[in-house]
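Hi everyone, thanks for coming.

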Amino acid sequence: MDSAVSDLLPDAEAAEEGAQAWQTDHTRAPISTKIVVAGGFGVGKTTLVRSVSEITPLQTEALMTSASEDTDDLTSTPDKTTTTVAMDFGRITLDDDLVLYLFGTPGQQRFWFMWDDLVRGAIGAVVLADTRRLEDCFPALDYFESSGIAYVVAVNHFEGTERFEAEDVREALTVRPEIPVVIMDARKRFPVVETLLALVGHALDVTPE
């Protein structure tokens with residue numbers, strides 16, 4: 001064996017140690033699927049995608065200006081200075097060869113026209129809710145109910161707010177019993193991963209083929 005080639009082998013083997021199984025076994029292909037993250041304005045969609053993405057997330061954030069004061073309610077999020085104007089995009093690999101592509105929707109009503117394009121091909125959606133303003137997630141719930149796309153409700157628990165049980169939120173939102181409702185923190189990777197797994201499991205239950 002050429003000495004130059006042999007010198008490179010240890011580095012190549014070391015590089016593969018942290019790789020996923022499907023990345024080193026060329027007879028296998030990853031299973032990729034699309035998930036949408038939806039909900040009201042300022043509920044934590046961008047934060048959720050950022051907290052779990054294994055790549056640098058694609059974000060279409062724009063500075064908020066006085067022009068949006070009459071339409072964007074900042075009462076519950078006074079420190080918010082930017083908003084998503086198109087989408088957020090991230091990727092996470094789960095269970096060795098399951099790759100999830102995350103698409104975060106814009107929350108304001110003036111951007112809802114983009115939702116049909118963003119959800120095309122998705123197996124399901126995470127509908128984020130803030131218990132301080134549950135009414136903000138009703139449009140997303142109505143959208144996914146009417147479109148027949150599987151979804152779960154994830155309550156993003158903000159610091160300093162009262163914590164409610166999942167079943168209390170289910171009752172307040174009149175969510176059907178078979179739809180998972182979880183309490184999580186969009187800033188923390190592990191609860192977000194659990195939420196995504198809950199959605200994948202629910203989507204498989206309702207559309208097993």
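I'll talk about the strands and then about the aromatic rings.

Two housekeeping points. This is a predicted model, where local features need pLDDT of at least 70, side-chain atom pairs count only at pLDDT 80 or more, and totals for chains, interfaces and linings use all residues. Residues are numbered from 1 along each chain as its sequence is written, and side-chain values use heavy atoms, with hydrogens and water left out.

Let's start with strand 5, residues 124–129. When I say helix or strand, I mean a DSSP run, numbered from the N terminus: H or I of at least four residues for helices, E of at least two for strands. How many residues of strand 5 are buried? Six of its six, with buried meaning under 20% relative accessible area, exposed over 50%, and partly exposed in between, using a 1.4 Å probe and protein chains only. In a regular strand the side chains alternate between the two faces of the sheet. Here, Gly124, Val126 and Leu128 are buried on one side, and Ala125, Val127 and Ala129 on the other.

Now for the neighbours; strands pair if DSSP finds at least two bridges between them. Strand 1, residues 31–39, runs parallel to strand 5 over five bridges, and Ile35 stands opposite Gly124 there. Strand 5 is also joined to strand 6, again in parallel, by six bridges, with Leu128 partnering Ala154.

Follow the chain from strand 5 through helix 5 (residues 138–147) to strand 6, and you trace a right-handed β-α-β unit. Right-handed means that, with the strands pointing away from the viewer, the path from the first strand over the helix to the second runs clockwise. Strand 6 (residues 150–156) is in turn joined to strand 7 (residues 181–184) by four parallel bridges. That crossover, through helix 6 (residues 166–173), is right-handed too.

On to the rings. The structure holds four aromatic pairs: rings of Phe, Tyr and Trp (its six-membered ring) with centres within 6.5 Å, called stacked under 30 degrees between planes, edge-to-face over 60 and tilted for the rest. Phe89 and Tyr101 have centres 6.1 Å apart and planes at 10 degrees, so they are stacked. Phe89 is in strand 3 and Tyr101 in strand 4, twelve residues apart. Together with Phe103, they form one aromatic cluster.

Finally, the charged end of Lys34 sits over the ring of Phe103, 4.6 Å from its centre; the criterion is NZ of Lys or CZ of Arg within 6 Å of the ring centre and within 35 degrees of the ring normal.
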